[in-house]
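Take a look at the model below.

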Amino acid sequence: MNKLNKDFLCCTFLIMLICWGICVICSLSGIFLDDHYILFVPYLLGGWSPTIASFLALKKNDRIKNVKEWLKNIFDFKHNAFSYMMVVLLGMVFIVPQILISGYESGAPLLAIVVMIPMMLLGGGLEEAGWRYILSRN
């Protein structure tokens, strides 16, 4: 395992343990996400720890110079527009049956697709900037 991979993994798990440790300590103290929305900050930062660690590890190992260069490497648009439209379409194929099966009174309204698709792409896809970009370079 090379130095970049070690730095990335250590940084990822350190950020995750600190952020989610805060959430665990708060929940043991009776402070829950339902009542205190500020706890979403460490919760989300813990989930995005691979993305944050990706930038920090690459910067530490002099593979990138700034955030702009890192973003250019992460979001390198190599495919045609049809490929990106398929991502959105498959996201809708994933959500629409769930909404239709659960019904509108117990499930999310159909307009939630407008909010959920970008959340799935950004929230779930951001960790790929770390795991796939650094650990699976090929």
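How much accessible surface does the chain have, and what share of the surface belongs to carbon and sulfur atoms? The accessible surface is about 9800 Å², and 71% of that belongs to carbon and sulfur atoms. Accessible areas come from the Shrake-Rupley method with a 1.4 Å probe.

This is a predicted model: local features need pLDDT of at least 70, side-chain atom pairs count only at pLDDT 80 or more, and totals for chains, interfaces and linings use all residues. Residues are numbered from 1 along each chain as its sequence is written, and side-chain values use heavy atoms, with hydrogens and water left out.

Start with the overall fold. The chain has seven helices and zero strands. Helices are DSSP runs (H or I) of at least four residues, strands (E) of at least two, numbered from the N terminus. In sequence order the pattern reads α-α-α-α-α-α-α. Of the 138 residues, 26% are buried, meaning under 20% relative accessible area with a 1.4 Å probe, protein chains only.

Now the contacts (heavy atoms within 4.5 Å). Take those between residues at least 6 apart in sequence: 63% join residues at least 24 apart.

The axes of helix 1 (residues 3-28) and helix 7 (residues 128-135) come within 10 Å and cross at roughly 160°. Axes are lines fitted to C-alpha atoms over the stretch in contact, with angles from 0 to 180 degrees between N-to-C directions. Therefore helix 1 is roughly antiparallel to helix 7, a term for angles over 145 degrees. Helix 1 contributes L4, N5, F8, L9, T12 and F13 to the contact; helix 7 contributes G130, W131, I134 and L135.

Notes. Parallel < 35°, antiparallel > 145°, perpendicular 65-115°, else oblique. Buried < 20%, exposed > 50% of the residue type's maximum accessible area, 1.4 Å probe, protein only.
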